[in-house]
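Hi everyone, thanks for coming along. Let's take a look at this one together, and do stop me if a term is new to you.

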Amino acid sequence: MTCVHLLLTLVFAVSLGTPVEIQRPRGVPLTSIQFYVENKPFTCLDGSRAIPFDRVNDDYCDCKDGSDEPGTAACPNGSFHCTNAGYRPMFIPSSRINDGICDCCDTTDEYNSGAKCENTCKELGRKEREVLQKMAEITKEGFLLKQHLIEEAKKGQQEKKSKVTDMQGNKKQLDEKVEVLRTVKETAEQPEKEAKERHLKAWEEQKAAIRLEKDKAKMAEAFFVSVSELQSHAELDADADGTLTETEAQGLMGGAEQVDTSTFESVWPNIKDKYHSEVSREEADMSCLVSSEVPFGKMFFFFFTVVKLSAQKARDDFEEAEKALREMDDQIRNIEKELSFDFGPDAEFTYLYSQCYELTTSEYIYRLCPFNRISQKPKYGGSETNLGTWGSWSGPENNKYLLMKYEHGTGCWQGPNRSTTVKLTCGKETVVTSTSEPSRCEYLMEFTTPAVCQEPANTDLSPHDHEEL
Amino acid sequence: YYFYLCGVVIFRWVLLIVLLCVSARAVDRSNFKTCEQSAFCKRQKELKPGQSPYRALLDTLELSDSRITLQLINDNNKVRLLLELYRLQGNMTRVKINELKPLKPRYEVPDVLISDPFTETLSVVSQDENSLVLSLGGKDQRLIVSAQPFRLDIVEGPQVLVSLNSRGLLAFEHLRARKDTKSELEQVTEQENVEQRTDEDGQIKEEEDKPGMWEETFKSHTDSKPNGPSSISLDFSLPGVEHVYGIPEHADTLKLKNTDGSDPYRLYNLDVFQYELHNPMALYGAVPVLISHSTDRTMGIFWLNAAETWVDISSNTAGKVRVISSEAPQTDVRWISESGIIDVFIMLGPKPADVFTQYASLTGTQSFPPLTALAYHQCRWNYNDQEDVKSVDQGFDEHDIPYDFIWLDIEHADGKRYFTWDPSKFPQPKEMLQGLMDKRRKLVAIVDPHIRVDSGYKIHNEILSKNFYVKNKDGGDYEGWCWPGNSGYPDFTNPEMRAWWASKFAYEQYEGSMENQYVWNDMNEPSVFNGPEVTMHKDALHGGWEHRDVHNLYGLYVQKATADGLVERSGGVERPFVLTRAFFAGSQRYGAVWTGDNAAEWGHLKISIPMCLSLGLAGISFCGADVGGFFKHPSAELLVRWYQAGAYQPFFRAHAHIDTPRREPWLFGPENTALIREAIRQRYALLPYWYQLFYNAHRTGYPVMRPLWVEYPDDVATFSIEDEYLIGKDLLVHPVTDEGATAVTAYLPGKGEVWYDVHTFQKHDGEQSLYIPVTMSSIPVFQRGGSIICRKDRVRRSSSCMENDPYTLYAALNSQGSAEGELYIDDFHTFNFEKAKQFVHRHLSFSANTLSSRNLAPDSQFSTASWIEKIVIIGGSQPSSATLKNADGTESALEFEFDSTLAVLTLRKPGVNAAADWTVILR
């Protein structure tokens, strides 16, 4: 049990096809072979002590750094190297040696546990090569697409920038135009205004007369209030619009003989609530009359139309110019906003702007609108939930453009506001591939886009490059 | 899809109900009764200490070999009671009191005692007109029955150990017919029954009805109480006692408090949302066992009653400075239960270990869990789907952190229909389980006792057709709201129902289950969201008994039936592992218990120690608290400290509420990941010790996690300590439970004892308070000088992977230079240790420079691949040689190293098989 094979003869198939035997202790990588020399004392790799060579891999931990037991589980901090010919070599913690679980595809980690491991390196290597091949193709094509995206983005950006410049020039002209038209409009409106006022005055007089008649007939019975009486009613005054004085009423109506009635009439709407029970229906008639529109007589209408026509044109011209100015402002703002986004070092993410991408799962439809927001809508009806609005790029320091963070979505009960992390991977297509909610109200979305495809390192895809020998 | 959506909607709705019932953060106390609001408790508490109306009728004495009976009469109402006294093997006295002729039978708790306790002869020593003296056997132990007023005293020589009814609080509400509905027949019966119920003038004294006797309303719930009042009460006086413990479960101090100014401690299994610390409110489980301790004696009182119970504790020294008090200390305990009979076991000790043995002889010992259950458990409400399970599993390997179990909460099931899998999240459960099995890991899936009422659900239909549901007071199936929405509650008190339930765990019945899947029973108080106090109506019916009678037993039965199912599915081969939230006396026989829905707060971390210690004293050793805290989000510091504490508590599981952010060990930065990894690794290295302690707990009933006073019963300084504890008797743990702590002060007990820091081997004398500076990596743990602890220092990714690994022996020498310990090994998962005596049990001892391994179980046999890789002798001296002698007489020299500053001797690679006889001699 405690006696473990000290040395292991390893046979490798080198790419040349010539078998080479290299003797070394179990679990030692070729790069460290020089430290393990048979029949010479072994010095722990941290230099802490030297031990006889027969204590290397004797299933007892002598070195603090675990270097004397590369092939056994004796040291808590040791590591075991598997060659994995045909696949990738790797280190595993020595606690995984003979633990009954196949970790190395070449089965070398389970030499004494009874675990039935099969050498799967060739298969894994083949699969990995296939995957790498596929990835390489995707990367290659994706990278080409990315170049287009960059070109387009740069072109677009340039266009937008010059457009903004142009627009800013145009805007200046528009500003001036608006000012000119404003003056024209105001001049043209003068006769119209006067005519209107004149007629309004006439109408008010007429209305007052009608009112007086009605009031006299009906209201007098209901209640009669003289001006002095009215003014003595402090509570009514307080309720009334404080500026509603006799003088004002006179000014409005323009007839001294009607002052009393008109004062009363002005106060009437304010006091009518108080007298409501007594006044009953007449009050309703009255308020109807007061609020009705100014009627235009035939003569007035003719005159007014002429005046109005000339004013209207000036008005339309002005409004049109003002609108154009507003629109231009909006356009400039929008373009400036777009230009202010960080679309990547080469603006490669520009094309995602103002686009939306959907993914339908068994329960929900997820919608990613890059640089804007993410939402989730139940497939079978129900309201939409905001999973976050654009926050920032939040990938690792060396490439922050691998993750997008969307924040401040709809709040969760007793929890945070919903937020989503979007993980970007290289792909030919721009598509949302999966969503999940790893933690309550914290979503993860996977998104492929050519924009993150890196330039392929070289055309040689052989994984053997990284393999030992 | 419809049902699925429905489930979601219902779930939200139910959640809403739960929320509406609670205030924002902590428990809403108004959901739970105070004694004042519990009619029987209020009635009983109105009775004050004084002269008891009960009189023993000594002329009714009947004496047989196994028991003595005599009648008691209440002189106020002339109702007669029957008193039964038993002397039980192992120094216990059983006192039973029932009505002599109850109107109908009163409930006597079944299935809790493992068998009829063995009795010993009670003999009459003397008798006069007012007393009867019985011998309880050796040591001048006597049981004295005083006739008027009735009282019982157990004495040893001149010393009174315990007195019953000395304060006159025996109160037995006899069953009576309801006045307005008496039938003729009942009247006749009653006439017979109360023939003596006349006062001196020969007139029948009718007791007046008090409020709440025949109906009681709490909040919107009315309890119909068709049987009327039935409560019971009895007081116990413990002279010389200042410290009493036990009666879990309460989120309170280890030493029970005086309840004079507050509510009594309540025992009534309840689902308490966001429970508060330091109060006597009832929680999820109830073990009506109280342990008293003084330097003179340790005793226990086991009140076998499953109804709602209140325990009043009154101490004449509470809050007083000892010097001022001239009277001898005394603690009075009063038990009040709503129904059933008085059936009490007085465990007379005298040592703590004796009380554990006595209680174990009544209710059985801790089940011996499979080793894997003692390892680390990773839980969360909820691991979302198979992919999630897989990636968490991989996360542990990527970060090189061991774990044995991943857990699935209620969301794994299809619409909360337990025994099923959500088809979209867990479409291939066997594939998932196989993936875990390939890594020698396991899974727990929750199975709760509330069953979704749904005609498309097989389990429901079968229960319905077999008529296994609990009934409401009108005889229809009882229904209540729980996670799935409208739910039925199987009647687990029915043995046929339990057998059926157990059969549902068979692999062919529980589709998608495999042998590495175990079970967790939650909500088994039972929790009924829309029931009174979030539980079942007391007038619901379990066959002929009311829920009132059986309430605290329900959870025990659920776990028992589930554990039986796991045993059966393996053909009786495999040891089960079932976790429960609700429990009762005897639950230790069925698995593990956790302290329910705690919170990510430092106070909750601290309270986990006294809560588990109290459970251990009451027989339930396999206890743990949710690491990290269930509700809320722990800071990285709290999480790390909780892992460090949890690694040294019996049941070690991290758990989190669904609304909390993820908190797998690697999500708090590399430093915290390393700290958590180290804590978990320490647990794995110590698994041999934990396993051996559980084996011993299973054999003896001794708690695994022990208050210091259990091992140092004469050291008064230990009696109230609850921030540190012993694992077995050899490891003392003082976890850091304060935010920002830079030091802890640990009390190291034992005059003449020495303690060694297990991390540094630094030596400290006993009977001192030790100031220990701490950093974030500190877990203060000390090994007792005089002990040998076996560890497996090759920590791997799961405990199963370590099965055949070698042991390292840590022998910590006492001041005499000696030490001893044990090593227990078996297959770690089957019953073969019991059925076929397949195990290794070694005694390891070091004295006079000789360390030897001796067989403790010569008639057992088991072969292990494990060997001894290293022996570390702490506190030793430098030898000139070390020789290993094998059983066959061969000898070999061992290499060694000696660290003279710490006096640590390390013997290199003895290499002997762990099951072999061997000796190492130092010269």
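How much space lies in the second largest cavity? The answer is about 120 Å³. Before we go on, please keep in mind that this is a predicted model.

So let's stay with the cavities for a moment. Searching the whole structure turns up 12 cavities of 30 Å³ or more. Two strands of chain B, β12 (216-218) and β13 (221-223), each provide at least two lining residues.

Next, the aromatic rings. Over all chains, the search of the whole structure gives 68 aromatic pairs. One of them joins Y275(B) and Y284(B). Their ring centres are 6.0 Å apart and the planes make an angle of 70°, an edge-to-face arrangement. Why do we call it edge-to-face? Because the angle of 70° falls in the class for planes over 60 degrees apart.

Are these two tyrosines buried or exposed? Y275(B) counts as buried because its relative accessibility is 4%, and the cut-off for buried is under 20%. Y284(B) is buried too, with a relative accessible area of 0%.

Over in chain A, there is an aromatic cluster to pick out. Its members are F341(A), F343(A), F349(A), Y353(A), F371(A), W390(A), W393(A), Y401(A) and Y406(A).

Finally, let's zoom out to chain A. Its division gives domain 1, covering 20-118, and domain 2, covering 350-449. How far apart are the C-alpha centres of these two domains? They lie 45 Å from each other.

There is also a record to compare with the model. An unreviewed UniProt entry lists "coiled-coil region" for residues 193-220 and 311-338 of chain A. In the model, the span 311-338 of chain A is 100% helix and 0% strand, and its end C-alpha atoms are 40 Å apart.

That's my tour, so over to you for questions!

Notes
Residues numbered from 1 in each chain as written. Chains lettered and ligands numbered in written order. Predicted model: local features only at pLDDT ≥ 70, side-chain atom pairs only at ≥ 80, totals over all residues. Heavy atoms only, no water. UniProt positions renumbered as here; feature names shortened; annotations may be inferred. Helix = DSSP H or I, 4+ residues; strand = E, 2+ residues; numbered from the N terminus. Phe/Tyr/Trp six-rings, centres within 6.5 Å; stacked < 30°, edge-to-face > 60°. Buried < 20%, exposed > 50% of the residue type's maximum accessible area, 1.4 Å probe, protein only. Domains from an automatic or database assignment. 1 Å grid on protein atoms, 1.4 Å probe; cavity = no way out; pocket = protein on both sides within 12 Å on 5 of 7 lines; lining within 4 Å. Points joined across faces, edges and corners; volume = space filled by probe spheres on them.
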